[in-house]
Every structure is written in C-alpha cells, then in structure tokens.
Amino acid sequence: MKTVVKPVDAQAIAEAAQIIRAGGLVGMPTETVYGLGADALNPQAVRSIFAAKDRPADNPLIVHVSSLEEIAPLVREIPEAATLLMEAFWPGPMTLILPKADCVSDAVSAGLDTVGIRMPASDAARALIRAAGTPIAAPSANRSGKPSPTTAQHVFEDMDGRIPMILDDGECEVGVESSVIDATGETPIILRPGGITPEMVKAVLGSCEVDEHVMSPLKEGELVRSPGMKHKHYSPEAKTVIYEGGAQQVIEAIAAHYDEAERMGEKPCILGFDEHDFGTRNKLSLGSEKEPREAAKRLFAALRELDERGETLALCEAVEPTGIGLAVMNRMGRAAGFDLRRV
Ligand code: TXA
Ligand code: MG
C-alpha cells in the first residue's frame with residue numbers, strides 16, 4: 001500500500017473522511033500527538049488499527065468526537081464530575097473514561113465495560129470527525145513500543161506502507177498524549193497525566209486523585225486501572241537515566257556519568273535544558289527550564305532522535321513534576337524504566 005501525506009485543507013479532509021467511512025485508516029493530527037483513526041462504530045476497521053500498530057489486543061482505544069451531542073449514544077451515563085470536566089476542558093487534551101453503551105464494540109473497549117472519550121482541540125481533527133459523520137477511534141499513530149508521533153513525518157516513519165493516508169497539520173501543540181481521567185466513580189482519578197493537569201482538575205472539582213502508577217513502575221502481578229500502564233512504552237534503544245536535584249548538582253552528575261560512559265565506549269547523549277552548559281558534549285534540547293510546556297512538546301521527538309543517531313545512553317534532566325511537568329516525568333520515567341537518580 002502506498003502511503004500519501006497531505007497537508008490539511010478542505011479537499012484532504014474530504015478524502016480522509018471518505019477513507020474512514022469506507023473502513024480504512026488515516027493518520028490524523030490532534031493537538032496532543034498524531035492519531036491512527038478509524039470509524040469507531042465499525043469493529044472490523046477498529047481491529048485493523050491493532051494490526052497496523054502491532055498493538056496488544058487488550059489495550060482499549062479512545063473514541064474521538066467533534067461535539068457534545070455525539071457522546072450520549074456512546075455511554076450509559078455521565079456522572080456530575082465528568083460533566084464539569086467536559087465543560088471546563090473540552091475541546092482539549094483530556095480523555096474521560098465513562099461506562100460504555102452497547103454500540104461501542106469490544107474491539108474498541110478491549111472487552112472492558114468502559115470507554116475513553118475525547119473531544120480534541122485540533123480544528124483539523126474535529127473537521128475530520130464531522131466530515132466522516134462518525135466518531136473516530138484513534139490510538140497514538142506510532143508502532144507499538146515507539147514514542148508517540150508529534151509530526152506527520154514520525155507517522156510516516158512508523159506507518160509507511162500500512163495506511164493509505166496521513167493528514168499533515170505540522171507539529172503537535174502539546175506533544176504528549178491527553179490526560180486520561182477515570183470519571184466512572186464519584187472522584188475522578190488521573191490515570192495518565194497530560195495537558196490537563198492535576199492542578200487544573202483540582203481548580204474545577206476541589207480535589208484530584210492521581211493514580212500511584214503515574215510515577216512508579218508496575219510490580220509483578222499488580223492490577224491496573226488502565227491497561228496502558230502495563231505495556232512497555234516509549235523505550236528508546238539507549239539505556240535512559242534521569243537525574244533530579246539542584247541544577248548545579250544535576251549538571252555535574254550528568255557530565256561525570258557522560259564522561260565515564262564515553263571512556264567505556266558508550267555513545268552518550270544528554271536531554272537537557274538550554275540554560276545548562278554541558279560544554280561540547282552531545283545534547284538534545286528540552287527547551288528552556290522555565291518552560292516545561294516546551295519539554296513536553298519536544299520529548300518524543302528527542303527520544304526518536306536518540307534511536308536514529310544510534311546513541312546507547314541517554315542522560316536526562318528531570319522536570320519538576322507539577323503542572324504539565326508531571327506528564328513529562330511520567331513519559332520520561334517510563335522511557336527510563338523509572339531509573340530516577342536524586343543528586
Ligand atoms: O492524546 C491522546 O490521547 C492520543 C490522541 C491520538 O488522541 N491518543 C492516545 O491513545 O494516546 P493511546 O491508545 O495511545 O492511549 C490511550 C490510553 C492507553 O493507555 C489505554 O490503556 C487508556 O488510554 N485507555 C483507553 N481506554 C481506556 C479505558 N476504557 N479504561 C482505562 N484506560 C483506557
Ligand atoms: Mg499510545
């Protein structure tokens with residue numbers, strides 16, 4: 001199959017919508033990361049998403065809508081707290097887990113009794129959903145185990161020959177996937193942090209719970225609230241280590257680790273902030289330390305770059321785990337197998 005990449009315009013959206021209606025797959029932009037979209041109400045189309053990504057069959061998909069009216073048929077009920085979150089943060093980088101209605105197939109929910117729903121802020125994404133006339137199921141458009149794609153080029157690298165079309169809307173604004181919030185109970189729980197932060201949820205609901213696995217590895221046999229937590233994610237080929245602490249201590253510890261590794265024949269690379277000087281050592285920028293949103297936007301591209309360059313060791317500067325920083329530390333932590341060293 002030939003994969004074409006088309007810049008977003010009315011014609012390209014119409015073509016992509018036609019592919020979705022016919023049961024095909026489209027690489028689609030959203031404000032978080034690129035998705036791999038299919039008609040959420042067509043189980044066969046949904047199953048082909050799993051094949052294209054090599055995704056484990058027990059990991060459910062998020063259903064994307066373009067308006068609030070599209071939600072009612074997909075769910076059995078919308079708890080009060082969920083309504084408040086929708087009003088506050090949709091369209092936007094937030095997925096709500098709700099009790100699913102029968103029209104949502106097991107192919108989407110992976111056999112769970114719930115479904116993740118999201119109304120993306122990206123105009124192109126909502127235009128595509130509207131034009132297709134059906135909700136769109138879409139995971140991130142990476143091959144399973146690779147970092148999520150934040151450009152159409154990333155999608156092409158992973159999906160060339162596997163899907164007919166990728167809509168190109170430039171670099172994703174947020175850069176990490178949506179916040180996944182379990183809204184089935186009275187108190188919503190953040191299962192995956194993202195652009196809608198615990199602080200933002202707290203401002204709306206008065207409190208906010210964050211699942212313990214957001215910043216800790218899963219132990220053998222432990223039960224999880226979200227299947228995504230148990231799958232290996234975002235792991236670059238390079239062994240990845242995170243350093244946290246005072247800026248000067250972190251810079252010195254990273255520089256020392258780097259030099260020692262280089263002597264041992266490793267190919268080290270630093271993921272660090274612009275303000276921090278690592279001399280002539282190999283470095284990929286996470287932007288300014290004052291702008292954690294920039295680190296969120298750049299992290300996945302940096303992880304891909306490590307692999308492309310054949311680096312064998314990645315030494316990362318930690319971000320403060322508040323606001324969007326929690327999402328950065330969750331993704332970085334998973335890439336590093338939570339090898340977090342305090343100095
Ligand atoms: O920003 C995003 O959310 C992107 C864009 C394309 O919208 N999508 C995305 O999808 O990241 P995916 O499939 O890569 O990640 C969805 C996560 C997985 O960890 C999955 O386990 C979890 O959400 N999830 C989906 N449905 C769920 C459910 N019913 N209960 C618990 N977790 C669920
Ligand atoms: Mg994903």
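Where in the chain is the place of Asp54? Asp54 sits in the loop between α2 and β4, where helices (H or I, at least four residues) and strands (E, at least two) are DSSP runs numbered from the N terminus. This is a predicted model, in which local features need pLDDT of at least 70 and side-chain atom pairs count only at pLDDT 80 or more, while totals for chains, interfaces and linings use all residues. Residues are numbered from 1 along each chain as its sequence is written, chains are lettered from A and ligands numbered from 1 in the order in which they are written, and side-chain values use heavy atoms, with hydrogens and water left out.

Most residues other than glycine have a negative phi, and most peptide bonds are trans. Asp54 has a positive phi, near 55°, and the peptide bond from Trp90 to Pro91 is cis, with omega near -5°. Pro91 is placed in the loop between α3 (80-89) and β5 (94-99).

Asp54 also takes part in a salt bridge with Arg162, a salt bridge being a side-chain nitrogen of Lys or Arg within 4 Å of a carboxyl oxygen of Asp or Glu. This pair links distant parts of the chain, since Arg162 lies in the loop between α6 and β8 (165-168) and Asp54 in the loop between α2 (43-53) and β4 (62-64), 108 residues apart. By this rule the count comes to 21 salt bridges.

**The two domains**

The domain assignment gives domain 1 (4-215) and domain 2 (239-342), with bounds that come from an automatic or database domain assignment. Their centres, taken over C-alpha atoms, are separated by 28 Å, and the contact (heavy atoms within 4.5 Å) takes 29 residues from domain 1 and 17 residues from domain 2. Between them the domains bury about 1900 Å², 58% of it on carbon and sulfur atoms; buried area is the accessible area (1.4 Å probe) that two parts lose on being put together, summed over both. On the side of domain 1, Pro147, Val176 and Met215 lose the most area to domain 2, together 30% of what that side buries.

Between domain 1 and domain 2 the count is 4 salt bridges. The side chains of Lys297 and Glu173 meet in a salt bridge, at 3.8 Å from N to O.

**Ligand 1**

Ligand 1 is surrounded by 24 residues, the closest being Thr32, Asn59, His64, Ser178 and Gly228, where a residue counts if one of its heavy atoms lies within 4 Å of the molecule. The table lists polar contacts of the ligand, that is, pairs of N or O atoms within 3.5 Å; within protein, one atom must be able to donate a hydrogen and the other to accept it, and residues adjacent in sequence count only if both atoms are side-chain atoms.

| Residue | Atom in the residue | Atom in ligand 1 | Distance |
|---|---|---|---|
| His64 | side-chain N or O | oxygen | 2.6 Å |
| Thr114 | polar side-chain atom | nitrogen | 3.0 Å |
| Gly228 | backbone N or O | oxygen | 2.8 Å |
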